[in-house]
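Hi there,

Here is the structure I promised to pass on, with my notes below it. Have a look at it first, and then read on.

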Amino acid sequence: MGETVQAGLWGLVAGSALLIGAGLGYFLRVPRLLIASVMAFGAGVLLSAVSFELVGEAYRQAGMLPAVVGTVVGALAYTVGNIALSRRGARHRKRSGHMDERRQPSESQKAGSGLALALGALLDGVPESAVIGVSLLDGGAVSTVTVAAVFISNVPEGLSSSAGMRNSGRSAGYVFGVWGAIAAASTVSAVLGYTVVGGFPDSVVAAVTAVAAGAILAMIADTMIPEAFEDTHLAMGLITVAGFLTSFALSHA
């Protein structure tokens with residue numbers, strides 16, 4: 001199987017977890033504590049993958065400077081995009097919506113918030129998927145740890161966000177249209193990560209990997225951890241460590 005096709009398929013696998021989570025969050029009344037706990041676990045998984053699979057790999061390929069600069073650039077780019085979308089109604093896109101002051105706005109409450117939510121989901125998902133394709137450049141085999149980390153973290157993201165969309169009055173067509181489009185975008189992002197970045201020198205590949213890492217780190221801090229903390233509180237640290245160690249064990253299996 002061609003590596004470009006592999007990249008797309010692995011991106012689709014990781015992105016499909018968003019649809020699984022969306023189905024659970026939209027059709028089931030999942031307890032708030034469970035949503036928060038799974039979100040905390042997913043944050044821990046991603047933190048480990050970013051540390052050992054992304055920033056660590058960028059440092060191994062090109063040294064400290066590209067790894068640091070790329071990570072900072074990625075975090076800045078994500079933050080700027082997130083601020084712009086938050087002002088248009090996407091601030092609480094990963095929230096399950098059980099608290100009125102942190103509920104996603106409906107379209108009648110804030111015009112254009114539906115599009116902002118969709119773009120926010122895209123902003124969160126593209127860096128994760130792109131690094132799946134980039135990981136194929138190292139020896140022609142995808143990083144199973146990266147795929148597993150993205151898949152595991154995507155389930156609670158889709159679950160919590162779709163529950164929030166439902167609570168704000170959005171239809172099933174809208175919810176699954178958004179997450180289906182993001183799953184498709186994950187496929188495209190993985191393919192582009194492999195095909196576009198593949199022609200660049202190692203230092204550029206390392207910088208791109210670090211940019212994705214910075215964006216993911218900013219996303220975890222800004223959207224996943226706040227939702228997790230709302231209900232897990234003191235237990236959040238333990239659950240996050242469990243996710244971190246799960247990903248760490250996978251990377252050293």
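N154 lies in helix 5 (helices are DSSP runs of H or I with at least four residues, strands are E runs of at least two, and both are numbered from the N terminus). With a relative accessible area of 3%, N154 is buried; buried means under 20% relative accessible area, exposed over 50%, and partly exposed in between, with a 1.4 Å probe and protein chains only. Leaving out residues up to four places away in sequence, N154 touches A14, G15, A17, L18 and E128, where contact means heavy atoms within 4.5 Å.

Before you go further, please note that this is a predicted model, in which local features need pLDDT of at least 70 and side-chain atom pairs count only at pLDDT 80 or more, while totals for chains, interfaces and linings use all residues. Residues are numbered from 1 along each chain as its sequence is written, and side-chain values use heavy atoms, with hydrogens and water left out.

Now the overall picture. The protein has eight helices and zero strands, and along the sequence it reads α-α-α-α-α-α-α-α. Of its 253 residues, 50% count as buried. Among contacts between residues at least 6 apart in sequence, 85% join residues at least 24 apart.

Another residue to look at is S129, which is found in helix 4 (residues 113-135). S129 counts as buried because its relative accessibility is 2%. Its contacts, leaving aside neighbours within four places in sequence, are S186, S189 and A190. S129 and T146 are 17 residues apart along the chain, and their C-alpha atoms are separated by 9.2 Å.

Next, the helix packing. Two packed helices are described by the angle between their axes and the distance between the axes. Here the axes are lines fitted to C-alpha atoms, for helices over the stretch in contact, and angles run from 0 to 180 degrees between N-to-C directions.

Helix 5 (residues 144-167) and helix 8 (residues 236-251) pack at an angle of about 155 degrees, with their axes 9 Å apart. That makes helix 5 roughly antiparallel to helix 8 (angles under 35 degrees count as roughly parallel, over 145 as roughly antiparallel, 65 to 115 as roughly perpendicular and the rest as oblique). V145, A148 and A149 of helix 5 make the contact with S247, L250 and S251 of helix 8.

The axes of helix 1 (residues 3-27) and helix 6 (residues 172-195) come within 7 Å and cross at roughly 160 degrees. Helix 1 is therefore roughly antiparallel to helix 6, and their crossing is right-handed.

Finally, which residues touch the most other members of the largest nonpolar core? Of its 22 residues, they are L46, L54, I216, M219, I220 and M224. A nonpolar core is a set of buried Ala, Val, Leu, Ile, Met, Phe, Trp, Tyr and Cys residues joined through side-chain atoms within 4.5 Å. Helix 2 (32-62), helix 7 (202-232) and helix 8 are the elements that give two or more residues to this core, and helix 7 gives the most, with nine residues. A second, separate core of nine residues includes L18, V175, V178 and W179.

Best wishes

Conventions: Left-handed = near helix turned anticlockwise from the far one by under 90°.
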